[in-house]
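Biologist: Please take me through the charged side-chain pairs in this model.

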Amino acid sequence: MKCPFCAFSESKVIDSRSIEDNSAIRRRRECLSCGKRYTTYEKVEDIPILVIKKDESRENFDKNKIITGLIRACQKRPVSRAQIESIANDIERTVSNRMISEISSSEIGEMVMSHLKDIDEVAYVRFASVYRQFKDINTFLEEIKSLMGSGEGIRNGKNGKNGNNR
C-alpha cells in the first residue's frame, strides 16, 4: 500500500477494527518514510452471481426478490418477517457457497419451496402456484397430493381434525 502523501510503499499498521458487521476491516497505518497516518479498508471481493431466467436472459442475484416473493406467499399466514429473512439469507448463503457465477431461477425457486414446505404448507402452495404456473386444476391437485403424500401435511393433524382427513 503506497502512502497517499509521499508514495512510499512500506507502512506499519497501528490499529485494526472490524466494520460493517464484520464484512470489512478498517486499518490505521503509519508511513515508515514520512510518518503520516492514513486509513485503508480491506473487504472481501464480491463475485456477482447471475440468475438465468426462463427466457435465458440473465440478471444479478437479488435477495430482495426472494423476500418479496416470500412475503406475498406468506401474506396472512403465521410466518414472521424473521423467518422470511432467514430463508432468504440461507438461500443467498447456499448460492454463494457453491462458488458459481450463474444459477437458474428454477433452482432458486426449488430452494424457496423446500423451505416453505417445512414452515407453512399454505404459503408453499401459494408460492408453487405462481412459480410452477399451474396450467389447470389437475396440476394444482397433483401438487396438493404430493404435499399430502410427503409425510407431514393433513395426515398428521395439521387440518385441525385430529389427523382424520376423511
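Biologist: Which residue forms a salt bridge with R58?
Modeller: In this predicted model, the closest N and O atoms of the pair are 2.7 Å apart. That falls within the 4 Å cut-off for a salt bridge. The partner of R58 is E102.

Biologist: How many residues apart in sequence are the parts that R58 and E102 tie together?
Modeller: R58 belongs to strand 5 (residues 58-60), while E102 belongs to strand 6 (residues 102-104). The pair therefore ties together parts whose separation in sequence is 44 residues.

Biologist: Is R58 buried, partly exposed or exposed?
Modeller: Buried means under 20% relative accessible area and exposed means over 50%. R58 has 42% relative accessibility, so R58 counts as partly exposed.

Biologist: What is the distance between the closest N and O atoms of K65 and E59?
Modeller: K65 and E59 form a salt bridge. K65 is partly exposed at 48% relative accessible area, and E59 is partly exposed at 28%. Their closest N and O atoms lie at a distance of 2.5 Å.

Biologist: Which helix holds the residue that pairs with E92?
Modeller: The side chains of E92 and K63 meet in a salt bridge, at 3.7 Å from N to O. E92 is in helix 2 (residues 81-97), and the pair links distant parts of the chain, 29 residues apart. K63 is in helix 1 (residues 63-73).

Biologist: How many salt bridges are there in the whole structure?
Modeller: The pairs R58 with E102, K65 with E59 and E92 with K63 are among them. A search of the whole structure gives a count of ten.

Technical notes: Residues numbered from 1 in each chain as written. Predicted model: local features only at pLDDT ≥ 70, side-chain atom pairs only at ≥ 80, totals over all residues. Heavy atoms only, no water. Helix = DSSP H or I, 4+ residues; strand = E, 2+ residues; numbered from the N terminus. Buried < 20%, exposed > 50% of the residue type's maximum accessible area, 1.4 Å probe, protein only.
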